[in-house]
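Student: I have a structure to look at, and I would like to learn how to read it with you. Could you show me the general idea of each feature and then the case at hand?

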Amino acid sequence: MLRQLVSLLRAAGALVTLAALLLGLPGVLALGTIAVGRQAPPGPLGGFWQMLTSPDNGNLFLWALVVVGWAAWAAFALSVVVEIPAQLRGRVPRRLPALGWSQRLAGGLVGAVLAVLPSAAGALAATPAAVPAAVAPRAV
């Protein structure tokens, strides 16, 4: 009973972490993109070139941070998309080049969430249903 509770809590924590990384992180990155975009000099490519050639006030670092954040989120989201069907089928997922870190993280989180499903389904199937009363055979 205690093991089931621990695995259920672990799965709930993994599910919350997955939701925060897949849904919450893009919101934070979008706010960062908007905030950094307001500080950038005007112009599409001219503004970027001006930012590279003028003295730095921190904008270049913030842009790099936002770009790396979006790239890391995209890598993690792709890893989750690859891991879910593979783990549902019980197979080893295809290893994507250069995504080892995100695939290991996604595999651990998805595995923790999915590991609780068979045990929960088994526990539900093991509960006895209402069995009709046995009918005594008639004496002939």
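Student: Which residues make up the largest nonpolar core?

Tutor: A nonpolar core is a set of buried Ala, Val, Leu, Ile, Met, Phe, Trp, Tyr and Cys residues joined through side-chain atoms within 4.5 Å, where buried means under 20% relative accessible area, exposed means over 50%, and partly exposed lies in between, with a 1.4 Å probe and protein chains only. Here the largest nonpolar core has 10 residues in all, namely Ala14, Leu18, Phe76, Val80, Ala106, Leu109, Val110, Ala112, Val113 and Leu114. Helix 1, helix 3 (59-89) and helix 4 (100-126) each supply at least two residues of this core, and the largest share, 6 residues, comes from helix 4.

Tutor: Keep in mind that this is a predicted model, in which local features need pLDDT of at least 70 and side-chain atom pairs count only at pLDDT 80 or more, while totals for chains, interfaces and linings use all residues. Residues are numbered from 1 along each chain as its sequence is written, and side-chain values use heavy atoms, with hydrogens and water left out.

Student: How many helices and strands does the protein chain have?

Tutor: Helices (H or I, at least four residues) and strands (E, at least two) are DSSP runs, numbered from the N terminus. The protein chain has 4 helices and 0 strands, so that its elements run α-α-α-α from the N terminus on.

Student: With which residues is valine 80 in contact, leaving aside its neighbours within four places in sequence?

Tutor: Contact means heavy atoms within 4.5 Å. With those neighbours left aside, valine 80 is in contact with Leu18, Leu22, Ala106 and Val110. For the protein chain as a whole, 63% of the contacts between residues at least 6 apart in sequence join residues at least 24 apart.

Student: Where is the salt bridge, and what does the pair tie together?

Tutor: Side chains of opposite charge can pair when their charged atoms come close. A salt bridge is a side-chain nitrogen of Lys or Arg within 4 Å of a carboxyl oxygen of Asp or Glu, and the structure holds 1 of them. Glutamate 83 forms a salt bridge with arginine 95, and their closest N and O atoms are 3.6 Å apart. Glutamate 83 lies in helix 3 and arginine 95 in the loop between helix 3 and helix 4, so the pair ties together parts that are 12 residues apart in sequence.

Student: Which residues make the nonpolar surface patch?

Tutor: Patches are made of residues with over 30% relative accessible area and no salt bridge, with like charges joined within 9 Å and nonpolar side chains (Val, Leu, Ile, Met, Phe, Trp, Tyr) within 5 Å; accessible areas come from the Shrake-Rupley method with a 1.4 Å probe, and for residues only the protein chains shown count as cover. Leu2, Leu5, Val6 and Leu9 make a nonpolar surface patch of about 410 Å². Of these, valine 6 lies in helix 1 (residues 2-39) and counts as partly exposed at 39% relative accessibility.
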